[in-house]
There are 2 protein chains.
Amino acid sequence: MTAERQSVRTRLEQIEVLPGRPRENTAHMLARIHAARTDGIRLVVFPEMAVPGYLLGDEWERASFLNECVACGEALRAASDGLVVVFGNVALDPARRNEDGRVRKYNAAFVAQDGAFMGPAGSAYPFVIKALLPNYREFDDSRHFFDLRKLALEEGQSLDALIAPVPTRVGRLGCLICEDAWDADYALSPLDALAANGADLFLNISASPYTLNKNHKRNRVFADHAERLKRPLVYVNKVGVQNNGKTVFTFEGQSCVYDAHGHHTDCGAPFEAASLTIDLPLDPAVSFGEPLELQEDSIDELRLALEFGMRRFLEQCGATRVVVGASGGIDSAVAAALCARILPPDQLLLVNMPSRYNSETTRHLAVELAENLGCLYAEVPIEESVATTIAQIDGLVARSPDGSMARELKLTPFMLENVQARDRSSRILAAVASAFGGVFTCNANKSEATVGYTTLYGDLGGFMACLADLWKGEVYELSVHLNAISPSPVIPQGSIDVMPSAELSADQAVDEQKGDPLVYPYHDRLFASWVEWWNRATPEENLRWYADGVLEKQIGYEGSVADLFPDAAAFIADLERWWNLYQGMGIAKRIQAPPVLGVKRRVFGFDHRESQMGPRYTRAYEALKAELLGRDL
Amino acid sequence: MTAERQSVRTRLEQIEVLPGRPRENTAHMLARIHAARTDGIRLVVFPEMAVPGYLLGDEWERASFLNECVACGEALRAASDGLVVVFGNVALDPARRNEDGRVRKYNAAFVAQDGAFMGPAGSAYPFVIKALLPNYREFDDSRHFFDLRKLALEEGQSLDALIAPVPTRVGRLGCLICEDAWDADYALSPLDALAANGADLFLNISASPYTLNKNHKRNRVFADHAERLKRPLVYVNKVGVQNNGKTVFTFEGQSCVYDAHGHHTDCGAPFEAASLTIDLPLDPAVSFGEPLELQEDSIDELRLALEFGMRRFLEQCGATRVVVGASGGIDSAVAAALCARILPPDQLLLVNMPSRYNSETTRHLAVELAENLGCLYAEVPIEESVATTIAQIDGLVARSPDGSMARELKLTPFMLENVQARDRSSRILAAVASAFGGVFTCNANKSEATVGYTTLYGDLGGFMACLADLWKGEVYELSVHLNAISPSPVIPQGSIDVMPSAELSADQAVDEQKGDPLVYPYHDRLFASWVEWWNRATPEENLRWYADGVLEKQIGYEGSVADLFPDAAAFIADLERWWNLYQGMGIAKRIQAPPVLGVKRRVFGFDHRESQMGPRYTRAYEALKAELLGRDL
């Protein structure tokens, strides 16, 4: 036993997990187990929910699916001869019911050794149950599963008493299931309970979606815990793309091991399946050596997340060709440049759809983009069709069949802006995409999506909104980065420099420096305070900060609000204009928007749940507004 | 006290609650409290979450909103002089945190008497906490709130011990918050605990969305409980329309009182605000007299739910005019007929958009419909625009700017079907609706929505899908009912009799009895087994039933499957065709569909959560299929 405890040849299987496909995942895992045995591995660790996949909607309500998952787990158990195999799967407890009245289910870690499942010491269950299920952001795990904390409460025990390591021949495994370990909701960290109960090492199997700036924090916390508890910690995260319908998440892997000194090994490459083999020292005196520096999350990882998410989502949709409506502006240029990184040039088609309002400037930029990317290009003007629509509808008189009522329809210039946008997407791009045998992208960014500065069935159409979790400023940062990592620039400098504009009317003429009504450096930050902040701000807080002269500092705007708005009335008018849109038409449009590729916190859709209720203001806001405007409430 | 206990003059305030508008709701409640005092009422009862409203998305994360709700509750408390006022509101517990790390919140019933809040006997809280939060179907209450069961577990007490009546001058009020009382997850029904702890009467305040066939069940269960426990039960449900973004729910009211013999009073009218005054006998010996017969839920209530939901949702959207694309078929006819019941005729515009494939039959039916409804009508053909699209795209050669690659695009007949559908909705209806100053409807039914037999940005567009929770057969039933309750038929008999067809190609010519590829009486039932059944069926179960000769009985199909499919191969081909669409493109389309008006169980959207994963089949299905087809697996 002593020799074994010195070091355990361990393999971290950072596999790609296919959502909802237990048989495919299991076949892959069986092959990996076989390879591990051949390679003399003694402990092989797969991610959380490696058998069924994770974000599956209400798939958990189907008995046929659950039975298949259980059968797959049995196949993995049977394959564990001579090895210790740890994997995540759904576990059933047919004698008890979940809150939805269905058979009780757990998000579980299974430990198989020589053909048998090993449960935690003293547990009635032959598997480890996830301690605390997330029920926030995109997670609705408690809709389907029961967690250990509830079980402890139900049985009148403390959570700690139920947390015990699993005894195996390679040591007592302290299994965790994507436990953040920093969550203050634990009376005691499961890590501490496992350590107190004699764990030799920690295995944290995970299915944790990529989120910008998450990895650095995780590395720091895990390193601290390993060092404090003087035990190594193995972290195995899956790779893949899974969705909750409205939101698409990537899983980045980056599995690694922290030794008992808090030093960590190289991580599995982000967004790639990886098998990491390590002789895991159980003796706390043994270290990996010099600690690797903890890396800050980089924009390149964000770029990787976007590419990986688009590639896999395209595959899940069965699409191999993509059409991008290329306006010459920055958003479509970045979307096209990302597509060009994941598709052969003959499977990417840029379509420019000019009207009388499109400048030569942007039309040339669209061609330049296609040149840079070496992809297919076509120009399909909308003038003729828009003229048909105007001829058919402007001046059309609708009548009751008996002739007693009549009403003439008029198309205003604002309505014609939307007519153009819909003509481009629903008439041209949708038809071109089908004729090309592919799909078309939605290029909306998060700034536009927040306030619905976009047209339904127009530029809000598409198979996926790949940039809709990025503020406009972040799209610019990404464009600069994409150029920096390419042998020659892919995004035309002109697209970076041109005035952002929808070019749907003469009032949006880029060559006259007219364009979008948003001052992105300011509005991006204002909108983020509404959408992304944990402590969700509303106009009440915004106006208070403005009145106190601390708005810039609070929202992180580097300019001066006084330069944007001469007085309180102007500030308030702008604030209410955008809040009304965010809470009004913005929601209606988001409900019918394509799935958003999530890369940050509070992605529109399932991670940012909202109801159509119209914009509302609190009494405190109205009182402060009246005070600032010198009016009685 | 004896005289008071004999009878309490009680008012059930079945108010309409505006979601997310605590000040408006509170102003209305204050007026009703004032009226009650004037009328000599001693106990006035408002619905669950009467202050904030109910389905509010993540609004609960905004501190400014929560503070406003609390302030409103204080105003109601202050108004309770000389009365006992019961109302639902959110309650904060700032010293503790919810699972999401935010301040702990409860779905609470407040009992105010003479300006003070009265808590349950022995409780540390001056309010009643909901015992068990729903976390299924459209409900995600446990995302935001903490329930009494968890509190009991946390404090090491039994749930029953924390359930106690609230002592007031009108008696010991056994307050429940929308407790179904038949939920087996309770170790003991809260009603029993309240009775055991001395409740004189039960008050069940509710925010229960309308669901077909729910009321009859509720009436039976509540009557049984009241009789069994020999105490009256007051049920107050709100009226209103609230949404979770993707799904829109109506609340029907139907508040009523069950006496200690299980007899009930007349209910508040469905879908109307109502004040019901009753001298509530606390003496179990006193009865209301002869029991009213428990009514089966009727199709007319369903019709009311649809009308009420459409009317209020229109108001919430700020829309007063509606455009319906009228094809001459049944779905658009029913949608238009419902609109005609809630809008003046000059605010409803039917638009027929013929192409070469539309028969004279259906075009005349569209005109007949407009005649019947007396509304506005216009015809806007799509031929010219479709020709433009064909000319622009069919044969278009996309090239790389350097000329090294070229690809010619071809529009197939199938693609042209979708071109027509998109032309109608995104080009014409969207523009006509804006010029008319209104919105346009999506007329898709649940059968089409299930398998995506509909075009994205085409007939799947619209401000709301008002019929998308009804199977095709239910749409027909509704059409017959709408005619029956009108002085003269509103839906042309021809629209009821005509072959259901999209009329997008010569293969769908209604006059040749060609149309949709669905046999609705069969497929409606098959799809319901996948979508609506609590015990969600999949092809595995369907095929087992087919093999066992019990499919018709299991799914409730009145015909014979053998008449539809000559052999197992034909049955399986059809089964897989539709399952592939339901689990494939159907999901992609539903993600971008308009909000669905929910009237039954498992409405698409938030009540039927799904991920894009592609269609999958279990090993058990494949084995049975191989057996039936006489093939090796």
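Reader: How much area do chain B and chain A bury between them?

Author: In this predicted model, chain B and chain A bury about 9,900 Å² between them, buried area being the accessible area (1.4 Å probe) that two parts lose on being put together, summed over both. Of this area, 51% is on carbon and sulfur atoms. Residues are numbered from 1 along each chain as its sequence is written, and chains are lettered from A and ligands numbered from 1 in the order in which they are written. Local features need pLDDT of at least 70, side-chain atom pairs count only at pLDDT 80 or more, and totals for chains, interfaces and linings use all residues, while side-chain values use heavy atoms, with hydrogens and water left out.

Reader: How many residues does each chain bring to the contact?

Author: Chain B brings 118 residues and chain A brings 118 residues, contact meaning heavy atoms within 4.5 Å.

Reader: What makes B:E59 and A:R616 a salt bridge?

Author: The N to O distance between their side chains is 2.9 Å; the rule asks for a side-chain nitrogen of Lys or Arg within 4 Å of a carboxyl oxygen of Asp or Glu, and therefore the pair qualifies. There are 12 salt bridges between chain B and chain A, and the count over all chains is 92.

Reader: Which helix gives the most to the side of chain B that touches chain A?

Author: Helix α12 of chain B (residues 413–436) does, with 13 residues; helices (H or I, at least four residues) and strands (E, at least two) are DSSP runs, numbered from the N terminus. That side of chain B divides into 50 nonpolar, 29 polar and 39 charged residues.

Reader: Why are A:R143 and A:D58 called a salt bridge?

Author: Their side chains meet at 3.0 Å, N to O, so the pair falls inside the cut-off for Arg and Asp. The pair links distant parts of the chain, 85 residues apart: A:R143 is in the loop between β6 (128–129) and α4 (148–154) of chain A, and A:D58 in the loop between β2 (43–45) and α3 (63–78).

Reader: What surrounds A:E16?

Author: A:E16 lies in the loop between β1 (7–14) and α2 (22–38) of chain A. Leaving aside neighbours within four places in sequence, its contacts are A:N25, A:V239, A:G240, A:A273, A:F308 and A:R312. A polar contact of 2.4 Å joins the side chains of A:E16 and A:R312; the rule requires a pair of N or O atoms within 3.5 Å and, within protein, one able to donate a hydrogen and the other to accept it, with residues adjacent in sequence counting only if both atoms are side-chain atoms. A:E16 and A:E252 are 236 residues apart in sequence and 9.6 Å apart in space, C-alpha to C-alpha.

How values were computed:
Ala, Val, Leu, Ile, Met, Phe, Trp, Tyr, Cys and Pro count as nonpolar, Asp, Glu, Lys and Arg as charged, and the others, Gly among them, as polar.
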